[in-house]
Amino acid sequence: MARLHIPTVLRWGDLDAYGHVNNVEILRLLEEARIQALWMPDDEAERPASAPSAVLDARLGSATLSIIARTEIEYLGTIEYRRTPLDIEVWIGRLGGADIDVCYEIRSPVGIEPDELFARATTRVVLCDSQTMKPRRLSTGERLAWKPYVEEALVFTRR
């Protein structure tokens, strides 16, 4: 199976007093990668070829909301500021009836040696009807778009 590689730029404000990316900002990095991987752009012409999985319509007034039910992060190393985008690998660890588990590995920029793994995470995303706020089933189109990116879910080692 394949993983999506989402280049994600750090901001100077992501750093904390210790000079590395703050743990709260790691959640923001994961959110950015998830949006790039799952949400279709407002303009279809902007759809990146690197994210054929971006099929959720998240514009205002859309019929579906993607609600975060759970996130678990395993921090493996500190991330210092760099101008080259980090490589966030994204895949689907589980396709459920109305939800998916999005898995991530935050890595050093592509082509930078040594390849470092800074964090691993999983987010449970529940698709809800925007009118009723109740979970709705994954559509056939969503399943087809995400199926190539389904692989084994993360197993966290440091519990």
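**Strands, contacts and confidence in a predicted model**

Buried here means under 20% relative accessible area, exposed means over 50%, and partly exposed lies in between (1.4 Å probe, protein chains only). This is a predicted model, in which local features need pLDDT of at least 70 and side-chain atom pairs count only at pLDDT 80 or more, whereas totals for chains, interfaces and linings use all residues. Residues are numbered from 1 along each chain as its sequence is written, and side-chain values use heavy atoms, with hydrogens and water left out.

**Confidence**

- The protein averages a pLDDT of 91, and 92% of the residues score at least 70, where pLDDT is the predictor's confidence in each residue, from 0 to 100.
- Among the elements of the protein, S1 has the lowest mean pLDDT, 94, while strand S4 (residues 99–107) has the highest, 98.
- Where pLDDT is low, the predicted coordinates should not be read in detail.

- Helices (H or I, at least four residues) and strands (E, at least two) are DSSP runs, numbered from the N terminus.
- In a regular strand the side chains alternate between the two faces of the sheet.
- S1 runs antiparallel to strand S3 (residues 86–95), and five bridges join them; two strands pair if DSSP finds at least two bridges between them.
- The bridge partner of Ile-6 in S3 is Ile-88.

**Salt bridges**

- A search of the whole structure finds 18 salt bridges, each being a side-chain nitrogen of Lys or Arg within 4 Å of a carboxyl oxygen of Asp or Glu.
- Side chains of opposite charge can pair when their charged atoms come close.
- In helix H1 (residues 23–38), Arg-28 and Glu-25 lie three residues apart, about one turn of the helix, and their side chains meet in a salt bridge of 3.1 Å, N to O.
- Arg-28 counts as buried because its relative accessible area is 18%, and Glu-25 is buried with a relative accessible area of 18%.
- Asp-99 forms a salt bridge with Arg-94, with the closest N and O atoms 3.0 Å apart; Asp-99 is buried at 16%, whereas Arg-94 is partly exposed at 28% relative accessibility.
- Salt bridges that share partners also join Arg-3, Glu-89, Glu-105, Arg-107, Asp-115 and Glu-151 into one network.

- Glu-72 is found in strand S2 (residues 64–75), and its side chain meets that of Arg-70 in a salt bridge of 3.2 Å, N to O.
- Glu-72 is buried because its relative accessible area is 17%, while Arg-70, at 45%, counts as partly exposed.
- Thr-64 also lies in S2 and is buried at 15% relative accessibility; its side chain makes a polar contact of 3.0 Å with the side chain of Arg-136.
- A polar contact is a pair of N or O atoms within 3.5 Å; within protein, one must be able to donate a hydrogen and the other to accept it, and residues adjacent in sequence count only if both atoms are side-chain atoms.
- Gly-77, in the loop between S2 and S3, is partly exposed, with a relative accessible area of 37%.
- Gly-77 and Ala-119 are 42 residues apart in sequence, and their C-alpha atoms are 6.8 Å apart in space.
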